[in-house]
Amino acid sequence: MHEAERGDTVRRIARSGDPDRALAALFAPREARADLFALYAFNVELARIAEQVSESELGAIRLQWWREALERAAKGEATGHPVADALGVTLAQGKLSPGRVEALIEARAFDVVTKIMPDGNALEAYLKDTAGALFALGAESLGARGPSLEPASSQAGLAYGLTGLMRALPVHAASGRVYLPADALMRHGTSPERVLAGTTSEALLAVLAELRRKARDAMDEARRHVAQLDPSAQAAFRPLCLVEPYLVALEKSGRDPLREIAGVNPLYRLWRMARWRP
């Protein structure tokens, strides 16, 4: 596959599976966009594994394939997969932490093996290694280094990840996955089993309200740390501009969180992206 064709394919995968991050990449410096699209497309491919396999063993095989493919691609070998080959270029240039890439792959084992989030600590660890790692890797590709990157990416991952999981609740429940912490559900008087059964209750609404507060607290912390990063690296955190609009949509009175995916007006989404400041 020619480089131009590969780039088109990578961008198409990113846009179809993660339109918000793909839109944010367009506001990054031109020379960094290919790296960001490769990274976001890679995350899309990992996230899709749980939707494509029926057995955990098959999911584990696919995750291992990605480990081996990226190792080969980083050495300049062609894997035949446009996303692996594109991300391999970024890895070969030393722009990304291999440890964070591995953590991102490893965290996706939850999607295909465990499927029920046991508690709040497990959820925070999952979000740190998925959404948080993605923010950190994006910032690394833009040259970010220094002590502020870890707290910025962790808090950004918590804010953005919680918001995304609440929006995707109907999709995840339909596929047999519950990312809301089981201990919080039981503390409020419901359970993962009732979520999977499609039962919307006052207890579920209370858990979601609790998670929205947590997302907003994390957002405040993320802003503080992102402001300490180099301006060029701050571009990786642009998707955070959609956290508050999505949270507002999530708490809209009368919506059923198990049957409706909260969204925002596309023009307003674009306006927020264009006006974003850390």
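**Exercise 1.** Is the crossing of H3 and H8 right-handed or left-handed? Characterise the packing of this helix pair.

*Solution.* The model is a predicted one. Two packed helices are described by the angle between their axes and the distance between the axes. The axes of H3 (residues 33–52) and H8 come within 9 Å, and they cross at roughly 160°. Angles over 145 degrees count as roughly antiparallel, so H3 is roughly antiparallel to H8. The crossing of H3 and H8 is right-handed.

The next step is the contact itself. From H3, the residues Asp35, Leu36, Leu39, Tyr40 and Asn43 take part; they meet Leu134, Leu137, Gly138 and Ser141 of H8. By class, the residues of this contact comprise five nonpolar, three polar and one charged.

**Exercise 2.** Classify asparagine 121 as buried or exposed, and locate it in the fold.

*Solution.* Asparagine 121 belongs to helix H8, which spans residues 120–141. Its relative accessibility is 65%. Exposed means over 50%, and therefore asparagine 121 counts as exposed.

**Exercise 3.** Which residue forms a salt bridge with glutamate 106, and which helices does the pair link?

*Solution.* The partner of glutamate 106 is arginine 67, with the closest N and O atoms 2.8 Å apart. Glutamate 106 is in helix H6 (residues 98–107) and arginine 67 in helix H4 (residues 56–74), 39 residues apart, and the pair thus links distant parts of the chain. With a relative accessible area of 44%, glutamate 106 is partly exposed.

**Exercise 4.** Which parts of the chain do the salt bridges of arginine 100 with glutamate 150 and of glutamate 124 with lysine 214 tie together?

*Solution.* Take arginine 100 and glutamate 150 to begin: their closest N and O atoms are 2.9 Å apart. Arginine 100 lies in helix H6 and glutamate 150 in helix H9 (residues 149–167), so this pair ties together parts that are 50 residues apart in sequence. Glutamate 150 counts as partly exposed, at 33% relative accessibility. Arg100 and Glu150 are also linked with Lys128 and Glu140 in a network of salt bridges.

Turn next to glutamate 124 and lysine 214, whose side chains meet in a salt bridge at 3.0 Å, N to O. Because glutamate 124 lies in helix H8 and lysine 214 in helix H13 (residues 202–226), the pair ties together parts that are 90 residues apart in sequence. Glutamate 124 is partly exposed at 34%, and lysine 214 is partly exposed at 34%.

Terms used
Residues are numbered from 1 along each chain as its sequence is written. This is a predicted model: local features need pLDDT of at least 70, side-chain atom pairs count only at pLDDT 80 or more; totals for chains, interfaces and linings use all residues. Side-chain values use heavy atoms; hydrogens and water are left out. Helices (H or I, at least four residues) and strands (E, at least two) are DSSP runs, numbered from the N terminus. Buried means under 20% relative accessible area, exposed over 50%, partly exposed in between (1.4 Å probe, protein chains only). Axes are lines fitted to C-alpha atoms, for helices over the stretch in contact, and angles run from 0 to 180 degrees between N-to-C directions. Angles under 35 degrees count as roughly parallel, over 145 as roughly antiparallel, 65 to 115 as roughly perpendicular and the rest as oblique. A crossing is left-handed if the near helix is turned anticlockwise from the far one by less than a right angle, and right-handed if clockwise. Contact means heavy atoms within 4.5 Å. Ala, Val, Leu, Ile, Met, Phe, Trp, Tyr, Cys and Pro count as nonpolar, Asp, Glu, Lys and Arg as charged, and the others, Gly among them, as polar. A salt bridge is a side-chain nitrogen of Lys or Arg within 4 Å of a carboxyl oxygen of Asp or Glu.
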